[in-house]
Amino acid sequence: MITRIARTAGFSGLLAALLLTLLQSFWVAPLILEAETYESSAPVAQHEHAGEVAAHEHSAEAWSPEDGWQRVLSTTGGNLVVAVGFALILTALYSLREPKRAGTGALWGLAGFAVFCLAPTLGLPPELPGTAAADLGQRQAWWIGTASATALGLALLVFARHWLLKALGAVLLVIPHVIGAPQPEVHESLAPAALETQFKVASWLTNAAFWLALGLLSAWLFRRSSQA
């Protein structure tokens with residue numbers, strides 16, 4: 001079973017990561033590069049906002065990939081690690097509740113998208129370079145809490161039989177957003193609002209495509225390995 005899970009996660013994660021990298025290269029990366037032009041051309045202002053932390057802090061000595069093959073290779077490597085990790089979660093769940101058909105994987109993929117992307121980004125939307133943000137530790141804590149509450153809430157709504165448990169699941173979905181994500185005292189962005197909107201939409205759609213592909217591929221490979 002462990003070999004089956006590892007093989008399924010490896011192959012499905014690789015293919016989904018390549019798809020995500022392709023979509024990001026042609027859709028998301030150009031928006032980031034455009035935002036970086038606003039960040040690099042902005043005058044250096046010697047001012048501070050209390051309680052505010054810049055979303056992207058760059059060290060003068062920190063290495064960053066150059067545009068071109070270095071950036072693509074770095075993005076592909078990061079996507080591969082994340083994709084295989086998520087695929088391991090899905091295939092581990094399949095071992096507990098095996099999908100009856102490959103299409104069921106799409107539903108698991110949509111659930112993963114809701115847990116790890118949609119719900120957290122409703123409070124902490126994708127940010128372009130040069131966007132102000134709240135304290136990193138607070139944002140990480142809220143993200144983890146939101147993802148956990150969403151995962152448990154969806155599980156109760158789908159699998160629980162008693163209506164009280166289903167009601168608890170619905171409450172768990174709402175609680176993080178009632179509490180609210182940590183926000184900077186002053187909302188500032190060097191990039192135009194239209195570019196920010198394009199980036200948010202592109203990030204959501206590329207992640208949705210990634211999760212759908214990961215769910216379908218992992219379910220298909222998992223079922224195929226059981227029939228071999």
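Predicted model: local features only at pLDDT ≥ 70, side-chain atom pairs only at ≥ 80, totals over all residues.
The crossing in which H1 passes H2 is right-handed. As for the make-up of this contact, its residues comprise 15 nonpolar, 12 polar and 2 charged.

Helix H3, spanning residues 104-123, packs with helix H4, spanning residues 136-159, at an angle of about 140 degrees, and 9 Å separates their axes. That angle makes H3 oblique to H4. H3 and H4, too, meet in a right-handed crossing.

H4 also takes part in a further pairing, with helix H5 (residues 163-179): here the axes come within 7 Å and cross at roughly 160 degrees. H4 is therefore roughly antiparallel to H5, since angles over 145 degrees are classed in that way. The handedness of this crossing, where H4 passes H5, is left-handed.

The unreviewed UniProt entry assigns the feature "transmembrane region" to residues 72-93, 105-122, 142-160, 167-184 and 204-222. Two of these spans can be described in the model. Residues 72-93 are 100% helix and 0% strand, with 31 Å between the C-alpha atoms at the two ends. Residues 105-122 are likewise 100% helix and 0% strand, and in this span the end C-alpha atoms lie 24 Å apart.

The model contains 8 aromatic pairs, and one aromatic cluster is formed by Phe86, Phe116, Trp143, Phe210 and Trp211. Several annotated spans contribute to this cluster: Phe86 belongs to 72-93, Phe116 to 105-122 and Trp143 to 142-160, while Phe210 and Trp211 belong to 204-222. A charged residue also meets an aromatic ring, with Arg4 lying over the face of Phe222 at 3.7 Å from the ring centre.

Conventions:
Residues numbered from 1 in each chain as written. Heavy atoms only, no water. Left-handed = near helix turned anticlockwise from the far one by under 90°. Helix = DSSP H or I, 4+ residues; strand = E, 2+ residues; numbered from the N terminus. Nonpolar A, V, L, I, M, F, W, Y, C, P; charged D, E, K, R; others polar. UniProt positions renumbered as here; feature names shortened; annotations may be inferred. Phe/Tyr/Trp six-rings, centres within 6.5 Å; stacked < 30°, edge-to-face > 60°. Lys NZ or Arg CZ within 6 Å of the ring centre and 35° of its normal. Axes fitted to C-alpha atoms, helices over the stretch in contact; angles between N-to-C directions. Parallel < 35°, antiparallel > 145°, perpendicular 65-115°, else oblique.
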